[in-house]
Amino acid sequence: MARSTLIYFLLLLAACSPQEKTAEKKTPQTMEYRGMTYVIIPEGDYEVGEKDNPDNPLRKVHLKSYAIAIHETTNKQFAEFANATHYKSDAEKMGYGKTFEEGMVDWQWISENGANWRYPFGRDADSAVNKPDHPVTQISGADAEAYCTWAGLRLPTIDEWEVAARAGVKSLFPWGAELRQGKKSHANVWEGESHRKNKLDDGFMYTAPVRSFEPNAWGLYDVVGNVFEYCSGDQPGAEPDTADVYISGRGGSWWCSVNTCDYFNLVAIGSMVKHGSLANQGFRCVKDIPFKIPSE
Ligand SMILES: [Ca+2]
């Protein structure tokens, strides 16, 4: 490790903020990097998956130390990257992105000319400039990787995502066993029998500003709902050698409903076209920690 990098990480660790202890397990520390807060996950063995689930079977995984962003990458953050590098996203190069509006039938998406991360629903709709704190969308998995690389980051693996999203719980959701417990909304998903009508109980038709809902026990926001989050690596049992064609996604999105894409939980692993761009797909980043952070 270069001396300057080592000093940087030592300073980062010195600035880590100890947080409250939970009843069961110590809450991880946090660190700041490029104006973003990251939760530091210690090296160790973790349990992921679900019993008898063929796509994500219950298993133990060993993870090295890493730090994960507390919220999804925003329009403002992606704009900093695009402005600094003049980056052209896949949707900008292809001239369209996939969009959806209330009233369409389930699973109906349209190719909207001019839709890209700057105009997630096309040029006639609101622009990302006016929603700086919303998660960036209409970026492909390849675009997300490009952002992470530029920022000295990377996408989480499917296991790193799940460990951080679970924050120590074994339930289907970070807050318990049911999507909706009591009257309180915990995540931004599609609420209604179909996509003809959204009941809007959670208050949002499309994306919500990051941190609109309570975080999980380790301080991560929107791990369920808002936007599908790209992850590296395939789900167990996936066809090999498809990494250039498909990319995994986790946590579901504002579009996902109980009768369609029921992926808004801690177990499901989605698969997307890697160079495809949709109005419900985004990401959060991970920072490698090049030395061991002990769990105790
Ligand atoms: Ca919603």
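## Strand pairing

Strands S8 and S11 pair in the parallel sense over two bridges, where strands are DSSP runs of E with at least two residues, helices are DSSP runs of H or I with at least four residues, and both are numbered from the N terminus; two strands count as paired if DSSP finds at least two bridges between them. Phe-228 stands opposite Gln-281 in S11. Strands of a sheet pair through backbone hydrogen bonds, either parallel or antiparallel.

The open sheet has four strands in the order S10-S9-S8-S11, with mixed pairing. Its edge strands are S10 and S11 (281-282), each of which pairs on one side only.

## Model and confidence

This is a predicted model, in which local features need pLDDT of at least 70 and side-chain atom pairs count only at pLDDT 80 or more, while totals for chains, interfaces and linings use all residues. Residues are numbered from 1 along each chain as its sequence is written.

The protein chain averages a pLDDT of 90, and 90% of the residues score at least 70; pLDDT is the predictor's confidence in each residue, from 0 to 100. Over residues 1-8 the pLDDT is below 50, and beyond near neighbours in sequence this stretch has two contacts in the model, a contact being two residues whose C-beta atoms, placed from the backbone, lie within 7 Å. Residues 13-24 also have a pLDDT below 50, with 17 contacts in the model beyond near neighbours in sequence.

The protein chain is divided into domain 1 (3-69) and domain 2 (72-296), with bounds that come from an automatic or database domain assignment. The C-alpha centres of the two domains lie 20 Å apart, and 31 residues of domain 1 are in contact with 27 residues of domain 2.

On the side of domain 1 that touches domain 2, at least two residues are supplied by each of S1 (30-33), S2, S3 (44-48), S4 (59-63) and S5. By class, this side has 17 nonpolar, eight polar and six charged residues, where Ala, Val, Leu, Ile, Met, Phe, Trp, Tyr, Cys and Pro count as nonpolar, Asp, Glu, Lys and Arg as charged, and the others, Gly among them, as polar.

## The nonpolar core

The largest nonpolar core has 62 residues, and those with the most contacts inside it are Val-39, Ala-67, Ile-68, Leu-155, Ala-164 and Leu-220; such a core is a set of buried Ala, Val, Leu, Ile, Met, Phe, Trp, Tyr and Cys residues joined through C-beta atoms within 7 Å. The elements that give two or more residues to this core are S2 (36-41), S5 (66-69), H2, H4, H5 (158-166) and S8, and the largest share, five residues, comes from H5. Because domain 1 and domain 2 both give residues to this core, it lies between them.

Beyond residues up to four places away in sequence, Leu-220 touches Val-39, Ile-68, Ile-70, Ala-164, Ala-165, Ala-167 and Pro-215.

In H4 (residues 141-150), Gly-141, Asp-143, Ala-144, Glu-145, Tyr-147 and Cys-148 are buried; a residue is buried if 20 or more other C-beta atoms, placed from the backbone, lie within 10 Å of its own, exposed if 12 or fewer, and partly exposed in between. The buried residues of H4 pack against H2 (75-85), H3 (90-94), S8 (228-231), S9 (246-250) and S10 (269-273). H4 is followed by Gly-152, whose phi is positive, near 75 degrees.

Gly-122 lies in the loop between S7 (110-113) and H4, and is partly exposed, with 19 other C-beta atoms within 10 Å. Not counting residues up to four places away in sequence, Gly-122 touches Thr-99, Glu-112, Gly-114 and Ala-115.
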